[in-house]
Amino acid sequence: MLCPSHKEASSPRMRVIRVGTRKSQLARIQTDSVVATLKTLYPGLRFEIIAMSTTGDKILDTALSKIGEKSLFTKELEHALEKNEVDLVVHSLKDLPTVLPPGFTVGAICKRENPCDAVVFHPKFVGKTLATLPERSVVGTSSLRRAAQLQRKFPHLEFKSIRGNLNTRLRKLDEQQEFSAIILAVAGLQRMGWHNRVGQILHPEECMYAVGQGALGVEVRAKDQDILDLVGVLHDPETLLRCIAERAFLKHLEGGCSVPVAVHTAMKDGQLYMTGGVWSLDGSDTMQETMQASIQVPAQHEDGPEDDPQLVGITARNIPRGPQLAAENLGISLANLLLNKGAKNILDVARQLNDAH
């Protein structure tokens, strides 16, 4: 077990937990926040952060949806996990595919920050909104999901791909005259301390968010019980259930970066409400539905005897199983409702068009 006694804690042979992360400033901030929490919980352990570049960080001249690789920001980190070079990896949950490679699992989902998208304006358009930007203004986003929804809502604007980490994108916005605004996740801007750049928050009725957006996931080796126990206390029960439902929805639709799929979930009075939608690439065709399920947010409890506890790539042995299954079922049911109404056709066409461009 990883909880060392006081005597062990002061000895020089203290256990070192190695934490993998991407090199970007945002990834480091996110990892540092998780490690700070773990240090508070386990004062007798040492944590070492190991930063590395991933495929997604290196390929900057191609839209994410075109690269066709599901684990763009995770592959190199998983390789390090597999080789025992690191013990856990902190990710933005939205970067983690709904099916992880064999031998890996998400051992913790931390409390979610605001999952919505934000508009950051070029300095000359500060005080505007998307609705009041001049005709044919160019808005930068690397996401098909954002572009499809916003094109439908704001037909007077043009949407163009913009890649790079947050610092790079903001520099492109401010220093070049190409973009009037860019769309970024609120959570990332807040974690970077850039609250003052948020010119407009897009609420779900304007732009639903990506599956898992705003939440951090901690990926570990699926059979490393010590590390699973260590990180399991980080699970935020409400965030966990919402993200299980969202990931189950996406998995059942067979969505990914190459098609516009978006969600909105909320937990209220023992009900989990979920809206999910699919769009054509230009946003002209869309299908959205809402469902709900009775789910009480559980308290954490001691481990249950689960043989294969993973649901949509997540292991949460210290959260009761019933609510997790109910959340997964809600996501699958909502996906089936959309598929029965013809969503597969919209997604297939979007996929084909994206591949062709």
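Biologist: Let's start with helix H9 (residues 225-232): which of its residues are buried?

Modeller: Happy to begin there, keeping in mind that this is a predicted model. Helix H9 is covered by several elements, including helix H2 (25-41), strand E1 (16-22) and strand E10 (216-221). Its buried residues are Ile 227, Leu 228, Leu 230, Val 231 and Gly 232.

Biologist: Thr 315 also touches something in that helix, I think. Is Thr 315 buried or exposed?

Modeller: Thr 315 sits in the loop between strand E13 (286-294) and H11. Leaving out residues up to four places away in sequence, Thr 315 touches Thr 105, Val 106, Gly 107, Leu 228, His 235, Pro 309 and Gln 310. Its relative accessibility is 6%, so Thr 315 counts as buried.

Biologist: Staying in that loop, what is the phi of Val 312?

Modeller: Val 312 lies in the loop between E13 and H11. With 5% relative accessibility, Val 312 counts as buried. Although Val 312 is not a glycine, its phi is positive, at about 40°.

Biologist: Asp 269 has a positive phi too, near 50°. Why does Asp 269 count as exposed?

Modeller: Asp 269 is found in the loop between strand E11 (261-268) and E12. The cut-off that matters here is over 50% relative accessible area for an exposed residue. Asp 269 counts as exposed because its relative accessibility is 70%.

Biologist: Now to Gln 271: how far apart are the C-alpha atoms of Gln 271 and Ala 293?

Modeller: Gln 271 is in strand E12 (residues 271-279), and it counts as buried at 18% relative accessibility. Beyond residues up to four places away in sequence, Gln 271 touches Ala 266, Gln 292, Ala 293, Ser 294 and Ile 295. Gln 271 and Ala 293 are 22 residues apart along the chain, and their C-alpha atoms are separated by 5.5 Å.

Biologist: Which residues are in contact with Ile 182, leaving aside neighbours within four places in sequence?

Modeller: The residues in contact with Ile 182 are Ala 118, Val 119, Val 120, Val 139, Gly 140, Ile 162, Arg 169, Leu 170 and Leu 173.

Biologist: At what angle do H10 and helix H11 (residues 321-340) pack?

Modeller: Phe 249 and Leu 253 are among the H10 residues that meet H11, where the partners include Ala 327 and Leu 338. The contact residues divide into 14 nonpolar, four polar and one charged. The crossing is right-handed, with axes 7 Å apart and an angle of about 35°.

Biologist: Last one: what percentage of the chain's residues are buried?

Modeller: The chain has twelve helices and 13 strands. Among contacts between residues at least 6 apart in sequence, 72% join residues at least 24 apart. Of the 357 residues in the chain, the buried share is 55%.

Key. Residues are numbered from 1 along each chain as its sequence is written. This is a predicted model: local features need pLDDT of at least 70, side-chain atom pairs count only at pLDDT 80 or more; totals for chains, interfaces and linings use all residues. Side-chain values use heavy atoms; hydrogens and water are left out. Helices (H or I, at least four residues) and strands (E, at least two) are DSSP runs, numbered from the N terminus. Buried means under 20% relative accessible area, exposed over 50%, partly exposed in between (1.4 Å probe, protein chains only). Contact means heavy atoms within 4.5 Å. Axes are lines fitted to C-alpha atoms, for helices over the stretch in contact, and angles run from 0 to 180 degrees between N-to-C directions. A crossing is left-handed if the near helix is turned anticlockwise from the far one by less than a right angle, and right-handed if clockwise. Ala, Val, Leu, Ile, Met, Phe, Trp, Tyr, Cys and Pro count as nonpolar, Asp, Glu, Lys and Arg as charged, and the others, Gly among them, as polar.
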